[in-house]
Amino acid sequence: MNDTFVATDLERALAELSEALATRERALIEFVKARIWLLTDGETETDPKSLRSARMAMVSDGPNLDQPMLAIFTSEERAVRFQRAHENSLPNVVAVEAPFAILCVREGAGIIINPNQSPGFRIGPEAAQMLRDQMIRLQSRGPDPNASVA
């Protein structure tokens with residue numbers, strides 16, 4: 001599979017990114033709705049409590065080596081490809097819903113979707129913190145009592 005192969009709605013949105021605000025909004029919306037993959041230390045289950053205590057793969061923000069960025073992948077294959085290219089990478093690939101990963105972004109960190117791969121996306125620390133704060137607000141509200149159940 002070459003780097004530009006796209007298979008998910010998130011990957012399609014990332015592949016269509018441009019300077020237009022609409023394409024960036026679509027990418028963020030697809031990101032928040034997506035199932036994503038993380039690299040973690042030790043054996044972890046997808047239970048939020050065990051994952052919150054896990055160490056997750058962080059990368060630098062390109063040439064800014066001092067800026068931590070949470071590494072997120074749009075597929076298990078992309079996560080494994082990153083592991084193979086970086087022998088000191090964390091050993092476990094874990095699938096989670098993107099809102100969970102957003103809640104795990106530590107203060108001052110950003111997010112890189114598909115680091116060193118295309119299509120990819122950078123969410124700077126300020127935007128990542130805003131997303132995290134929004135997820136916390138949504139989580140504290142609980143389920144919408146007006147939402148329909150299918």
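Among contacts in the protein chain between residues at least 6 apart in sequence, what percentage join residues at least 24 apart? In this predicted model, the figure is 67%.

Start with the overall inventory. The protein chain has six helices and six strands. From the N terminus, they follow one another as α-α-β-α-β-β-α-β-α-β-β-α. Of the 150 residues, 41% count as buried. The accessible surface is about 8800 Å². Carbon and sulfur atoms account for 52% of that surface.

Four strands form an open sheet in the order 2-3-5-6, and the pairing is mixed. Strand 2 (58-61) and strand 6 (121-123) are the edge strands, each pairing on one side only. On average, neighbouring strands of this sheet are turned by 40° against each other, direction ignored. As background, strands of a sheet pair through backbone hydrogen bonds, either parallel or antiparallel.

Strand 2 pairs with strand 3 in the antiparallel sense, over four bridges. Val59 has Met69 in strand 3 as its bridge partner. Two residues lie between the strands of this hairpin. Here Gly62 takes a positive phi near 60°.

Ile112 stands opposite Arg122 in strand 6.

Finally, look at what covers these strands. Helix 6 (residues 125-141) lies across strand 3 (64-72), strand 5 and strand 6. Against strand 6, helix 6 runs at about 75°.

Note on methods: Residues are numbered from 1 along each chain as its sequence is written. This is a predicted model: local features need pLDDT of at least 70, side-chain atom pairs count only at pLDDT 80 or more; totals for chains, interfaces and linings use all residues. Side-chain values use heavy atoms; hydrogens and water are left out. Two strands pair if DSSP finds at least two bridges between them. Axes are lines fitted to C-alpha atoms, for helices over the stretch in contact, and angles run from 0 to 180 degrees between N-to-C directions. Contact means heavy atoms within 4.5 Å. Buried means under 20% relative accessible area, exposed over 50%, partly exposed in between (1.4 Å probe, protein chains only). Accessible areas come from the Shrake-Rupley method with a 1.4 Å probe; for residues, only the protein chains shown count as cover.
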